[in-house]
Amino acid sequence: MKIATYNVNGVNGRLPVLLRWLEESAPDLVCLQELKAPEEKFPLQAIRDAGYHAIWHGQKSWNGVAILSRYGLPAEVTRVLPGDPEDLHSRYIEAEVEGITLGCLYLPNGNPAPGPKFDYKLRWFERFTMHAAELFASGKPVVLAGDYNVIPTEHDVYKPERWVDDALFLPETRAAFEKLLSQGWTDALRKLYPNETIYTFWDYFRNAFGRNAGLRIDHFLLSPAVDKRLKEAGVDKFVRGWEKSSDHAPVWIELKP
DNA sequence: ATGACGTCGTACCGACGA
């Protein structure tokens, strides 16, 4: 089973790229982030024609998350992150598929920091960590995939010194990620490639992709039951080189049956 | 310190992203 996550940066503007990638990479399950489309503008027909069922939580202009599945309609568990009824951002959706609980997240960027946006990021992170603890305690197979907007270590950024004041790399952000991992989750890409340079995002500016000036901010966290099945993982970096690409590249894992 | 670039909305610039 191949599971992928892809921050598409606009699901409608990105539709040709998304469909081409689905065809070429052929994931079984997909988490999408940054749909940037209201609920009713999700391109369901095109996704269905590509062979996927879908659930999604849209929002006008910003955010928006979706889960695609080749197996049938994902059984939705929740489309909000618990813990704050006032939070109206579409940043989390969770479903049960093929015996796996799949959480698709788009963690807040948090810039500029310090400031209210950074405060929101840390609050959201705390809520997510609480929810993750419950999922972990269930003992079920769980995959938490998406755009975490966290550069976990200095090995996950092309030039760490340029990012020390950035919300993606500040000590509080990294500590929050560490705290989450300490529940027992496996960072799938890092586990398989402990010493590789792995990036999942390259800025549109300054020829960042050409210079490989990237960040690793899209992550797969696996509960032990899924970790045991981890066979392979990677980044579809070639997609970032396509015309009209997102600034993120798709990331995927492959699980043994 | 800023802006480079790209997306979306009601839009011919501003907000936001990372």
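This note goes through a predicted model of a protein with DNA strand B, point by point.

1. Basis. The model is predicted, so that local features need pLDDT of at least 70 and side-chain atom pairs count only at pLDDT 80 or more, while totals for chains, interfaces and linings use all residues. Residues are numbered from 1 along each chain as its sequence is written, chains are lettered from A and ligands numbered from 1 in the order in which they are written, and side-chain values use heavy atoms, with hydrogens and water left out.

2. Annotated region. An unreviewed UniProt entry carries the annotation "domain: Endonuclease/exonuclease/phosphatase" for residues 4-248; such annotations may be inferred rather than shown by experiment. Over residues 4-248 the chain is 26% helix and 24% strand, with the end C-alpha atoms 13 Å apart; helices (H or I, at least four residues) and strands (E, at least two) are DSSP runs, numbered from the N terminus.

3. DNA strand B. Surrounding DNA strand B are 26 residues, and the closest are Glu34, Ser61, Asn109, Phe205 and Arg206, where a residue is near if one of its heavy atoms lies within 4 Å. By class, this surface has nine nonpolar, nine polar and eight charged residues. Of the atoms of DNA strand B within 4 Å of the protein, 66% belong to sugar or phosphate and the rest to bases.

4. Phosphate distances. An N or O atom in the side chain of Glu34 is 2.8 Å from a phosphate oxygen of DNA strand B, and for the side chain of Asp147 the corresponding distance is 3.4 Å. With Gly13 a backbone N or O atom lies 3.4 Å from a phosphate oxygen of DNA strand B.

5. Helix 4. In helix 4 (residues 171-181), Thr173, Ala176, Phe177, Leu180 and Leu181 are buried, that is, under 20% relative accessible area with a 1.4 Å probe and protein chains only. Seen down the axis of helix 4, these buried residues fall within an arc of 140°, so they line one face of the helix; the arc is that of the directions from the helix axis to the C-beta atoms. On the other side, Pro171 and Lys179 are exposed, meaning over 50%. The cover over the buried residues includes helix 3 (116-137), strand 9 (186-187) and strand 12 (218-222).

6. Arg91. Arg91, in the loop between strand 5 (75-78) and strand 6 (92-97), counts as buried at 8% relative accessibility. Its contacts (heavy atoms within 4.5 Å), leaving aside neighbours within four places in sequence, include Asn63, Tyr120 and Trp124.

Technical notes: A polar contact is a pair of N or O atoms within 3.5 Å; within protein, one must be able to donate a hydrogen and the other to accept it, and residues adjacent in sequence count only if both atoms are side-chain atoms. Ala, Val, Leu, Ile, Met, Phe, Trp, Tyr, Cys and Pro count as nonpolar, Asp, Glu, Lys and Arg as charged, and the others, Gly among them, as polar.
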